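This report describes a structure from its fold down to single residues. The sequence and the coordinates come next.

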There are 2 protein chains.
Amino acid sequence: MLKIFDNKYRVNYNDADFTGKLSISRLGNYILDTAGLHAMDLGISMQALKVRDMTWVISGLHFDFYSMPEINGFINIKTKISEYSKVTCKRDFFITDNDGKKIADVSSEWLIINTLTRRPVFLYEAFPEVGDLVFEKENQVEKYRHLRFNFLENARRLKYRVMYSDIDINAHLYSMRYLEMSLNMLGEEFFKSGRILSADLNFLSEVLCNQEVELVMQSPSLEIRQIEMRREEKPVFRVEFRVLSA
Amino acid sequence: MLKIFDNKYRVNYNDADFTGKLSISRLGNYILDTAGLHAMDLGISMQALKVRDMTWVISGLHFDFYSMPEINGFINIKTKISEYSKVTCKRDFFITDNDGKKIADVSSEWLIINTLTRRPVFLYEAFPEVGDLVFEKENQVEKYRHLRFNFLENARRLKYRVMYSDIDINAHLYSMRYLEMSLNMLGEEFFKSGRILSADLNFLSEVLCNQEVELVMQSPSLEIRQIEMRREEKPVFRVEFRVLSA
């Protein structure tokens with residue numbers, strides 16, 4: 001059975017930010033799309049799970065960024081399932097341009113939940129054939145770190161109400177919008193001269209349309225930006241960026 | 001010289017809204033991307049104009065929607081320049097699925113502006129070869145209407161501050177975000193059972209990052225939704241949707 005899955009995308013006009021380079025949340029769109037196509041290949045697509053009242057949700061991501069392509073550049077994404085446990089599955093991504101130059105390495109952790117109870121199911125219940133897959137355990141991308149933040153009083157805050165365009169086919173806040181809203185906390189000024197070297201993302205809770213969230217950001221050092229999203233004071237998402245600022 | 005240009009896209013995972021179908025603003029992304037590729041083919045791409053301190057801006061759009069594809073469906077976009085005047089250029093789009101079934105017909109009007117003065121330039125200054133092109137004047141999509149609204153006191157209002165992820169390579173609010181923010185005014189509830197049949201869009205002014213806008217919406221009849229975006233009380237964008245609501 002297929003171990004490594006390949007897909008290729010062109011950087012579309014709207015995938016670039018104001019610097020003219022692929023933005024990291026739009027790269028995230030293509031990563032998730034490729035995961036979806038690979039899952040379809042394995043018979044465990046969102047669509048196949050939906051009729052059994054199940055769906056994939058993402059619990060964490062780790063990104064290492066190297067060099068972002070410009071509009072009309074190409075993105076080659078290789079993905080593989082590297083490990084699985086009773087309830088989680090680790091999927092790695094290796095992203096290069098057409099010359100083989102590294103764009104990013106990414107690891108992700110996934111759960112399958114029951115869409116009625118919103119609780120995780122055992123992976124083999126959803127996907128009995130998982131035990132038959134041959135995994136390549138070598139050459140893995142490091143796993144995301146579990147984040148804990150202590151925010152100071154002077155942390156920057158922004159309130160936002162989730163809208164129609166923020167939610168995905170699961171009718172909850174689209175995972176890459178958590179990331180994109182965090183990039184918005186860094187702001188246009190940051191991206192004029194700074195760049196993101198790596199990121200760890202923790203997805204803690206679903207957020208539904210029309211719910212209000214608050215984003216809180218602080219910089220414990222020049223190289224680190226910590227952002228937490230909260231709903232009714234409870235954290236729903238955390239991200240830590242390692243950055244190079246001018 | 002090439003009169004009609006073709007491009008094809010797959011509906012990616014994140015192009016669908018919560019109903020599982022392609023959202024109209026994401027269709028808009030592909031339309032603009034195709035226009036960009038055709039302009040590149042003609043030697044008048046954004047990139048080619050940029051070094052001459054010029055860029056394309058869109059002044060209006062008209063959409064007729066037929067049937068939206070689902071994730072993994074295909075979008076075939078044919079585009080042609082149908083007409084031009086001293087300062088504007090009309091571009092039409094004909095969008096179908098792989099079976100030839102209509103997805104949408106779209107017309108658009110464009111200007112080339114000087115990026116230093118932000119004023120329009122004569123089309124032949126930017127593109128002397130425009131006079132040599134042979135246009136197919138038949139089979140045009142109707143042009144957008146110029147909109148004027150009279151809002152009542154009870155119109156629905158929403159304030160929004162433009163953020164990093166809302167701006168494009170021109171460092172101003174991305175044209176499809178004007179549309180997407182207008183769809184957000186209709187809200188999740190509308191899209192549960194309603195759908196948009198057609199839309200006229202008027203782009204009146206650029207909006208920059210960190211500027212605050214206000215969206216105002218009213219429904220003068222069951223079939224019509226009028227939305228205006230304002231900055232400091234002055235309109236920067238108008239859209240009128242003809243809708244079918246449950």
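A residue is called buried if 20 or more other C-beta atoms lie within 10 Å of its own, exposed if 12 or fewer, and partly exposed in between, with C-beta atoms placed from the backbone. The model is predicted: local features need pLDDT of at least 70, side-chain atom pairs count only at pLDDT 80 or more, and totals for chains, interfaces and linings use all residues. Residues are numbered from 1 along each chain as its sequence is written, while chains are lettered from A and ligands numbered from 1 in the order in which they are written.

**Single residues of chain B**

With 9 C-beta neighbours inside 10 Å, B:N139 counts as exposed. Helices (H or I, at least four residues) and strands (E, at least two) are DSSP runs, numbered from the N terminus. In these terms B:N139 is found in the loop between α3 (123-126) and β6 (156-161) of chain B. B:E233 belongs to the loop between β9 (224-231) and β10 (234-244) of chain B. B:E233 is exposed, because 6 C-beta neighbours lie inside 10 Å. Most residues other than glycine have a negative phi.

| Residue | Phi |
|---|---|
| B:N139 | near 60° |
| B:E233 | about 70° |

B:I81, in strand β3 (residues 74-84) of chain B, is buried, with 21 other C-beta atoms within 10 Å. Contact here requires C-beta atoms, placed from the backbone, within 7 Å. Not counting residues up to four places away in sequence, B:I81 touches B:C89, B:K90, B:R91, B:L133 and B:F135. The C-alpha atoms of B:I81 and B:L27 are separated by 19 Å, and the two residues are 54 apart along the chain.

**Nonpolar core**

A nonpolar core is a set of buried Ala, Val, Leu, Ile, Met, Phe, Trp, Tyr and Cys residues joined through C-beta atoms within 7 Å. The largest has 104 residues, of which A:I31 and B:I31 touch the most other members. B:I31 touches B:I77, B:F93 and B:V106, not counting residues up to four places away in sequence.

**Sheet and helices of chain A**

Strands pair if DSSP finds at least two bridges between them. Chain A has an open sheet of 10 strands, in the order β1-β3-β4-β5-β2-β7-β10-β9-β8-β6, with antiparallel pairing. Its edge strands, each pairing on one side only, are β1 (4-10) and β6 (156-161) of chain A. Antiparallel β1(A) and β3(A) (residues 74-84) are joined by 7 bridges, and A:F5 has A:T79 as its bridge partner in β3(A).

Axes are lines fitted to C-alpha atoms, for helices over the stretch in contact, and angles run from 0 to 180 degrees between N-to-C directions. Helices α1 (residues 24-41) and α4 (residues 175-193) of chain A pack at an angle of about 170°, with axes 9 Å apart. That makes α1(A) roughly antiparallel to α4(A), a term for angles over 145 degrees. On α1(A) the contact uses A:I24, A:S25, A:G28, A:N29 and A:L32, and on α4(A) A:S175, A:M176, A:L179, A:E180 and A:L183.

**Contact between the chains**

The contact takes 29 residues from chain B and 29 residues from chain A. On the side of chain B that touches chain A, α1 (24-41) and α4 (175-193) of chain B each supply at least two residues. α4(B) gives the most to this side, with 7 residues.

Definitions and conventions:
Parallel < 35°, antiparallel > 145°, perpendicular 65-115°, else oblique. Contact = placed C-beta atoms within 7 Å.
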